[in-house]
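Subject: Handover of a structure, with notes

Dear colleague,

Please find below the structure that I am passing on to you. My notes on it follow directly after it.

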Amino acid sequence: MGYHFNGQDIAHDEEGYLTDLSQWNADLALLIAKDENVAMTDEHWEVVNFLREYYDEYQIAPAIRVLTKALAKKMGPEKSSNKYLYELFPYGPAKQACKIAGLPKPTGCV
Amino acid sequence: MDVQHPFSDETTELPDPTEMPDIKVGAMAASKPYVAPCTIQEALNYPGELVENWQEKAVAKLGDLVGRYRSLKVFLDSCVKCGACTDKCHYFLGTGDPKNMPVARQDLLRKVYRRNFTLAGKYAPWLVGAVDLTEEVLDDWYTYFHQCSQCRRCSVFCPYGIDTAEISMAAREIMDHIGKGQKYSNEIIGKVFKIGNNLGLPPKALKATLEGLEEEIEEETGAPVKLPLDEQGADILLVTPSADFFASPHMEGLIGYAKVFHAAGAKWTLSSHASEAANFAMFIGSYETMREISLRIRKAAMDLGVKRIIFGECGHAWRVAYSFMNTLAGPFDFLDPKYPVPQHILEFTEEQIANGTVKLDKSKNDHMTLTFHDSCNVARASRMGPKPGGQFDIPRAVIKASVNNYHDMADETIKEKTFCCGGGGGLLTDELLDLRKKGAMPRMRALKEVEVNHGVTHMAAICAICKAQFSKVLPEYGFDREAIVSVHQLVSNAIILDKPNEAEAD
């Protein structure tokens, strides 16, 4: 199981989450997003970049409320709802956005 | 108070949640969760992959389990094939696959038990439906014991009280011991031991999340509501599912608990060591692991010197806590004997409402009409409060104290007959989404009926799995994703908090 990228095979698990997080880069993210049928816009990148910054600091993706609050600050209150996040990442902001951002899948009752 | 809704004079006939489906043999034969890889298995001291002599090992483990658990032996021995359970499973109702009839599911294990542990099965297997454990049988085990959410609805209707949940737990335990574990549950259990909770949320992130919530609540309400972490000498340890620190509407419930504690003036704390109420070891039938996870709560309570332990909104955690914690991790004689061990957050909140320390303005929830989804493990595997039926009455009492508009779903779908959300028992994983959607069908039909006939807009629940599952499947049935709410979210909306400057002005 892997993404074919720049002549390389980048390993992922059964669901497409990267096995080695350090292999992530922005071009690979575009490829993962394409697999997920997500056309990346600046708004998608805002989310992905925030997830990566947060993960860098805390080794986990942020809570949905933390994410919406951060987006509201950066991009205005109309961008601060669950609905907005689902418009960007229809499969669910936590899981789909994490996959594209090269982060591990959030586990548990979520 | 039940409000007479303008819709309630005439009712529309809608599909019956308990309707017998057309039989579709093998419809779900391809539905299987991912098998746990070697690293996940070995972290829990199970073989990394299917062992060579797996038949022999599996039968030996089955013998060990029927020797250890009298209940399991009775359940395997006593079925008379009366058929009362056949149409009681939500997965059968939703899929029509006859192997999802509870009796058929039980028989997958029972036929191997008979072959190896009963006289008739050893000498005349063809007479008693006894078979050897073949690859095909093992494949059926893996497939169909992961289509049981261990919700125990079938056992309510069984005249012998046979509990399919215990049989499916035993089957999963056997499979783990021969190296065929389920990735979802076992990965999560590994995270509890490695990081402290199902989510994998490190203490630093937990602290930051709680501080962020404090700021947010104060901004919104003006009240300095705290969410203390590892506070030595607090009276109450709150143990809650880690989903409460991450997902929605879970987190809205957590905010509700914090506001209630604040209004009650309670000294409470969360613990970074016991930052998880869930105990997935129950789903895989592992007594030893269930005990190890429970001991984390004991240790946190002792280290922090608390007087009482309260559990947040989590269904199976409450079952483990209420029904097993004392034998798993007791005695809890170091806690204050004035309070039950453990207590549910709803018991606490109900008491505060009754004695007037928590005051609620119901009109704050007037944009919603509520119903309540009884979570299976709370409804059928535990109680709540001092009175029988408290697990049904206390949540409803708290909801009705918080909202003006409430209507129950059909009787055959609530309380002890409640339908599983479709994602319980370790099945809340994406590769089982088809099963989860189908299994949610009875609950979704019951919800539709109260939506159409009584104007219900939202459904409240007290289980992290139910909340996550419904957030995922509600849109599949034409409902709004955010139609699922936490019970303490309703409390949170309605609670009247004194602001410090107002208190001074008084």
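In which sense do strand β1 (residues 236-239) of chain B and β2(B) pair, and over how many bridges? The two strands pair in the parallel sense, over 2 bridges. Within this pairing, B:L237 has B:T269 of β2(B) as its bridge partner.

Before the remaining findings, please note that this is a predicted model. The predictor assigns the complex an ipTM of 0.96 and a pTM of 0.96. For chain B, the average pLDDT is 96, and 97% of the residues score at least 70. Residues 1-6 of chain B have a pLDDT below 50, and this stretch has 10 contacts in the model beyond near neighbours in sequence.

The two sheets of chain B

The pair β1(B) and β2(B) belongs to an open sheet of 4 strands in chain B, arranged in the order β2-β1-β3-β4 with parallel pairing. Its edge strands are β2 (268-269) and β4 of chain B, each of which pairs on one side only. Helix α14 (residues 287-304) of chain B packs on this sheet and touches β1, β2 and β3 of chain B. The direction of α14(B) makes about 150 degrees with that of β1(B).

Another open sheet of chain B has 3 strands in the order β5-β6-β7, and here too the pairing is parallel. At its edges are β5 (370-372) and β7 (484-486) of chain B, each pairing on one side only. On average, neighbouring strands of this sheet are turned by 40 degrees against each other, direction ignored. Strand β6 (residues 458-461) of chain B is joined to β7(B) by 3 bridges, and B:A460 stands opposite B:V485 in β7(B).

An enclosed helix

Helix α16 (residues 345-354) of chain B is largely enclosed by the rest of the structure, because 8 of its 10 residues are buried. Among the buried residues are B:I345, B:L346, B:F348 and B:I353, and B:E347 and B:E350 are included as well. The buried residues of α16(B) pack against α13 (250-264), β3 (308-311), β4 (343-344), α18 (390-402) and α22 (487-494) of chain B. After α16(B) comes B:G356, which has a positive phi, near 85 degrees.

The domains of chain B

The domain assignment divides chain B into domain 1 (38-189) and domain 2 (195-407 + 456-494). The centres of these two domains, taken over C-alpha atoms, are separated by 32 Å. Their contact takes 15 residues from domain 1 of chain B and 11 residues from domain 2 of chain B. On the side of domain 1, α9 (153-157), α10 (164-177) and α11 (183-194) of chain B each supply at least two residues. The largest share, 5 residues, comes from α10(B). By class, this side has 7 nonpolar, 3 polar and 5 charged residues.

The contact with chain A

In the complex, 30 residues of chain B are in contact with 16 residues of chain A. On the chain B side, the elements giving two or more residues are α11, α12 (203-221) and α21 (464-473) of chain B. Of these residues, the largest share, 5 residues, comes from α12(B). The chain B side divides into 18 nonpolar, 6 polar and 6 charged residues.

Yours sincerely,
A colleague

Methods: Residues are numbered from 1 along each chain as its sequence is written. Chains are lettered from A and ligands numbered from 1 in the order in which they are written. This is a predicted model: local features need pLDDT of at least 70, side-chain atom pairs count only at pLDDT 80 or more; totals for chains, interfaces and linings use all residues. pLDDT is the predictor's confidence in each residue, from 0 to 100. Two residues are in contact if their C-beta atoms, placed from the backbone, lie within 7 Å. A residue is buried if 20 or more other C-beta atoms lie within 10 Å of its own, exposed if 12 or fewer, and partly exposed in between; C-beta atoms are placed from the backbone. Domain bounds come from an automatic or database domain assignment. Ala, Val, Leu, Ile, Met, Phe, Trp, Tyr, Cys and Pro count as nonpolar, Asp, Glu, Lys and Arg as charged, and the others, Gly among them, as polar. Two strands pair if DSSP finds at least two bridges between them. Axes are lines fitted to C-alpha atoms, for helices over the stretch in contact, and angles run from 0 to 180 degrees between N-to-C directions.
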